[in-house]
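Student: I would like to learn how to read the backbone, the sheets and the chain contact of a structural model. Could we go through them one feature after another?
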Amino acid sequence: MSPRSRLTVLLTLLALAAGAVALGALFLGSAAVSARAVIAVLAGRGGGTGVADVVVLSLRLPRILAALLAGGALAVAGVGFQALTRNPLAEPSVLGVSSGAAFGVITAQVFGLRAGVLEALGLTAFAFCGALVAGIAVYVIASRAGGLPVHTLVLAGVIVGIFFSSAITVLISVVDFDRLGGVIHWLLGNLAPIPPAALAVFAAVAGLGFWLVLGQSRQLNLLALGEEGALQLGVDAERVKRRIFAGAALLTAVVVAFAGPIGFVGLIVPHALRMTLGPDNRVLVPAALLAGGVFLLAADTLARNLVAPAELSVGVITSLCGAPFFIYLLRARAARLGP
Amino acid sequence: MVTRALALLLPVLLLPAAAGAFSVTDQTGRPVTLDAPPRRIVSLVPSVTELVFAIGAQDALVGVTDFCDYPAAARQKPRVGGMVAPSLEALVALKPDLVVATTAGNREETVTQLERLRIPVYLVNPARVADVLDLISRLGALTGHEGAAAELAASLDMRIKAVLARVAALPRPRVLYVLWPEPLIVPGRGALVSELLALAGGDSVTADAAEPYPRYSLEAAVARAPDVIILASHGSGQGPLDRAKWERFTSLPAVKAGRLYTADGNLLHRYGPRVVDGLERLARLIHPEAFTGRGDLSGKGHR
């Protein structure tokens with residue numbers, strides 16, 4: 001099989017898996033909607049006004065799409081950051097961008113600043129501002145005369161992340177608990193049914209970030225040889241790094257804006273894929289988009305159903321499931337490479 | 001003879017100092033012993049601050065938290081910081097002879113630290129509306145304002161009973177009360193608001209949740225087809241109410257009937273004297289038909 005048709009088969013399989021999990025998630029939820037009613041709604045025979053219609057089409061479907069998008073975006077951002085920094089610990093939050101975005105969102109809530117024109121996008125603007133400030137801060141701190149050394153970048157990201165996390169803690173301790181009561185939950189990830197217009201914006205921005213990372217995936221492979229090696233092969237390393245940085249930061253910011261800071265997806269999914277598929281970023285980037293979506297959707301479906309009608313934070317599930325899975329993968333690889 | 005008389009008198013002279021002149025049991029059942037009735041009280045609980053003012057004992061109040069925002073005069077009192085991490089230095093500097101703290105909202109460490117500094121702590125743990133009335137008489141006894149406290153408790157009790165009488169025979173609409181819109185947090189079992197909704201003649205659709213303040217499934221809330229939705233405003237009233245989020249669900253009975261209301265969380269989430277104001281407003285929102293005539297429940301003029 002040629003590499004190209006192998007990639008096609010792989011992506012088809014992942015897309016089928018995403019479809020299957022999404023379909024399953026449509027049937028699962030805390031509202032008592034029978035499987036028959038769900039099928040009737042999906043077939044367009046629901047009448048359009050009943051509880052089943054609202055639950056399936058206005059609540060479950062948009063939340064499923066949001067989970068697929070957010071998971072995919074986080075995983076692609078993870079692939080990008082890990083390849084960029086050649087650091088296995090890199091993940092979207094490592095650059096401090098997600099903390100910056102979270103700070104933006106919480107600031108907006110503290111001051112009751114919600115852009116009125118586009119209700120759903122009110123907080124998004126703040127998330128972007130926060131992400132932008134954090135991203136630029138990291139970039140400025142880390143960049144040296146025309147370069148962006150990897151170690152400095154990681155350090156700068158960690159420091160900026162700590163700064164914004166502390167700033168969030170300050171806000172939470174200073175502001176009346178009544179006004180920030182829900183924020184502690186939001187900080188653990190909050191996938192919600194996003195209205196269609198906002199979902200379209202989410203998809204468009206995530207798409208732009210995905211395009212930026214995918215476009216550099218061949219160069220990322222060469223960057224893995226080390227910057228000098230890449231340079232000898234005609235790769236403009238600085239340009240690649242800038243694009244990956246921008247793309248991954250964009251992906252992270254848009255996820256935080258719409259779903260809160262969700263951990264572990266950007267760490268687990270890229271690693272799991274690299275262990276099973278190998279290190280070719282041209283394969284990893286599109287595969288991460290689908291696999292990340294499947295992982296986060298499965299986690300969110302658990303979060304919605306485990307303690308129904310109450311809900312868990314999706315970030316709790318991604319960490320709880322992600323960590324053992326990660327250990328399994330590590331051990332499986334160690335066994336394969338062992339004596 | 002003289003020595004014998006002294007020997008007889010000695011225990012009598014020493015006893016009061018050893019046992020303390022003023023001994024009470026706080027709301028959690030802990031004994032609290034003071035040398036004398038408290039004259040310099042610091043309140044670490046906004047609702048206690050409100051209650052102390054309501055019984056006219058504010059002169060004994062020498063310190064409050066940053067969140068003690070009612071009545072307006074409470075803001076003039078010296079502040080000791082937030083509820084979670086009050087400044088011990090500021091507290092000690094006020095030379096309190098008693099600190100009132102709550103088991104829900106203050107930290108145990110704060111209480112331990114205060115006791116290590118030999119500052120007596122009176123703990124409160126109100127869980128139900130009845131506990132507010134109990135707290136009023138306790139604060140009355142602590143501050144020597146028993147009369148005013150009894151009067152306040154009786155008047156609040158009467159107003160609660162008046163609400164109950166009005167809504168008792170009416171059908172109970174399903175009510176969804178939203179504490180926080182995103183993620184959705186609602187009052188569950190044991191929450192003060194759940195009890196207030198029931199007293200106001202409503203049937204809270206989330207009262208079955210095991211936690212008092214659970215993060216709740218939006219679809220479960222929607223599937224229970226609430227007839228009334230009440231969005232709580234928080235703090236300054238600028239909290240994220242997010243009406244639009246609910247207005248989208250046009251098939252919900254509450255939205256169809258235009259029964260999407262807002263309520264002042266400061267009245268409904270605090271174990272203070274205004275909880276009855278909150279109850280009366282809730283009852284008016286849930287059962288407007290019961291309050292159409294000229295009634296005695298004006299909802300105005302009460303503190």
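Student: Where is the place of Pro71(B)?

Tutor: Pro71(B) is in the loop between strand 4 (61-63) and helix 3 (88-93) of chain B, where helices (H or I, at least four residues) and strands (E, at least two) are DSSP runs, numbered from the N terminus. Residues are numbered from 1 along each chain as its sequence is written, while chains are lettered from A and ligands numbered from 1 in the order in which they are written. This is a predicted model, in which local features need pLDDT of at least 70 and side-chain atom pairs count only at pLDDT 80 or more, whereas totals for chains, interfaces and linings use all residues.

Student: Is Phe264(A) buried or exposed, and what is its phi?

Tutor: A residue is buried if 20 or more other C-beta atoms lie within 10 Å of its own, exposed if 12 or fewer, and partly exposed in between, with C-beta atoms placed from the backbone. Phe264(A), with 25 other C-beta atoms within 10 Å, is buried; its phi is positive, about 75°, although it is not a glycine. Phe264(A) sits in the loop between helix 12 (237-259) and helix 13 (265-277) of chain A.

Student: What about Arg118(B)?

Tutor: Arg118(B) also is not a glycine and has a positive phi, of about 60°, but Arg118(B) is exposed, with 6 other C-beta atoms within 10 Å. Arg118(B) lies in the loop between helix 4 (108-116) and strand 6 of chain B.

Student: How should I read the length and the packing of helix 5 of chain B?

Tutor: The expected span of a helix is 1.5 Å times one less than its number of residues. Helix 5 (residues 129-143) of chain B has 15 residues and reaches 22 Å from its first C-alpha to its last, close to the expected 21 Å. Its buried residues, including Val132(B), Leu135(B), Ile136(B) and Leu139(B), pack against elements of chain B, among them strand 1 (22-25), helix 2 (46-54) and helix 6 (146-167). Just after helix 5 of chain B comes Gly144(B), with a positive phi of about 75°.

Student: In what order do the four strands of the open sheet in chain B lie?

Tutor: Two strands pair if DSSP finds at least two bridges between them. The order in chain B is 8-7-9-10, and the pairing is parallel. Strand 8 (203-204) and strand 10 (260-264) of chain B each have a single partner strand and stand at the edges, so one side of each is left without a neighbour in the sheet.

Student: How many bridges join strand 7 of chain B to strand 8 and to strand 9?

Tutor: Strand 7 (residues 174-178) of chain B pairs with strand 9 (residues 228-233) of chain B over four bridges, with Leu176(B) opposite Ile229(B) and Val178(B) partnered by Leu231(B). Two bridges join strand 7 to strand 8 of chain B, where Val175(B) stands opposite Ser204(B). Strand 7 of chain B is largely enclosed by the rest of the structure, because four of its five residues are buried.

Student: What does the side of chain A that touches chain B consist of?

Tutor: Two residues are in contact if their C-beta atoms, placed from the backbone, lie within 7 Å. The contact between the chains takes 33 residues from chain A and 33 residues from chain B. The largest share of the chain A side, six residues, comes from helix 3 of chain A. By class, that side has 13 nonpolar, 12 polar and eight charged residues, where Ala, Val, Leu, Ile, Met, Phe, Trp, Tyr, Cys and Pro count as nonpolar, Asp, Glu, Lys and Arg as charged, and the others, Gly among them, as polar.
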